[in-house]
Amino acid sequence: MSNVTVIGTQWGDEGKGKIVDWLASRADIVVRFQGGHNAGHTLVVGGQVYKLSLLPSGLVSGKIGVIGNGVVVDPQALMGEIERVTAQGLVVTPETLWIAETVPLILPLHGALDRAREAARGDHKIGTTGRGIGPAYEDKVARRAIRLCDLAEPETLEWKIDELLLHHNTLLAGLGAETFTKEQVLSYLGEIAPKVLPYACPVWDRLDEAVRAGKRILFEGAQAVMLDVDHGTYPFVTSSNTIAAIAASGSGVGPKSVGFVLGIAKAYTTRVGEGPFPSELFDDVGQGLGKRGHEFGTVTGRPRRCGWFDATLVRHAVRVGGVDGIALTKLDVLDGMKEVSICVGYELDGKHIDRFPSSPAAQSRVKPVLETMAGWNETTAGARSWAELPAQAIKYVRRIEELIGAPVTLLSTSPERDDTILMKDPFEG
């Protein structure tokens, strides 16, 4: 049996929540390995809707959830999410949720700085959620972060907070924003410490034991490859690496433990926030995709920009993300369309290119080269086998496989867990 790592191959919002939930029902442990509460997963199980940002999706299936060291954690947001899902009937205890004791904490000052910077950018804003994820990652690499394990040693917190405030208050004051006092930060940490410390543990030791015992581990990525800080549409990206390789370093396991890499792709393309989007549609077709697909950000609530499936972009994600197979979601949203198109390349300054350019300037200038084919009138919604799919829908899926260089190993035809067509079991490797 193989472990499985799930990553998005577009700009997030590909429907990872449903796929991860479906896989989690067959796993023993589910691990979040990067990102923060700027990620959002919506799960629909038995008519119940769960909206998760930090908690691993496996908790919905009654499995052990792990928040790895590669995640940045807002303790207040975490406790609020635990309270919300507990009210929905989920069991979240230190036995079912393990949090790496070395996770950096997102504090109120991080969110304040995030929002002040975004406001100062004016027309050049990058579309952050304003939740402090970027500044928290900056503190991590600058070696001034307050980590979860620090809360168990209050005698060391004062000098760490001094160093933190020296940096953040200087920036906040320069941006004309309100600064923070040591007493405010100490009071906040003192209040939150007894609530979050019970979940802290050396997750890498527990995961090593699980690997040796042959347990199935599902690594759950947040955001997507095109938001990766190295490989995405920089600077309109998140503040962490989102590719599958980070599952190992972000949870403290060896690279062989990553297992089968399943990339999630929507049957069209969406994006929330700022940044280039070559195949974006600005007409009634794009608006129709948004309405039929209920395209609003899980975390932000912002309407998603919609466009045709971009095969060139996903092929890039397949290569740098190490994707072994694709889970294609929301095929049913295309039902009833007379024609469907796929972006098969770009035109840049009068020349055809078949790769996604690296520079922001070039990314903003590329024009999509579209390949159009007939749509289908029959419904794909709720299909659970290839035999139930319209012939033209199958042709569309096969063309996507050819263009991205990876097989579609799983097909999702509705938000419900069981409306899934499986061609290859990722846990079989």
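Student: Why is S414 called buried?

Tutor: Buried means under 20% relative accessible area, with exposed over 50% and partly exposed in between (1.4 Å probe, protein chains only); S414 has 13% relative accessibility, so S414 counts as buried. The model is predicted, so local features need pLDDT of at least 70 and side-chain atom pairs count only at pLDDT 80 or more, while totals for chains, interfaces and linings use all residues. Residues are numbered from 1 along each chain as its sequence is written, and side-chain values use heavy atoms, with hydrogens and water left out.

Student: What makes the pair of S414 and D419 side chains a polar contact?

Tutor: A polar contact is a pair of N or O atoms within 3.5 Å, where within protein one must be able to donate a hydrogen and the other to accept it, and residues adjacent in sequence count only if both atoms are side-chain atoms. The side chains of S414 and D419 are 2.6 Å apart in their polar contact.

Student: Where does S414 lie?

Tutor: S414 lies in the loop between β17 (408-412) and β18 (420-422), the strands (E, at least two residues) and helices (H or I, at least four) being DSSP runs numbered from the N terminus.

Student: What makes β5 and β6 paired strands?

Tutor: Two strands pair if DSSP finds at least two bridges between them, and β5 (residues 64-67) and β6 are joined in the parallel sense over three bridges. I67 has I99 of β6 as its bridge partner.

Student: Which residues of β6 are buried on its two faces?

Tutor: L97 and I99 are buried on one side of β6 (residues 97-100), and W98 and A100 on the other.
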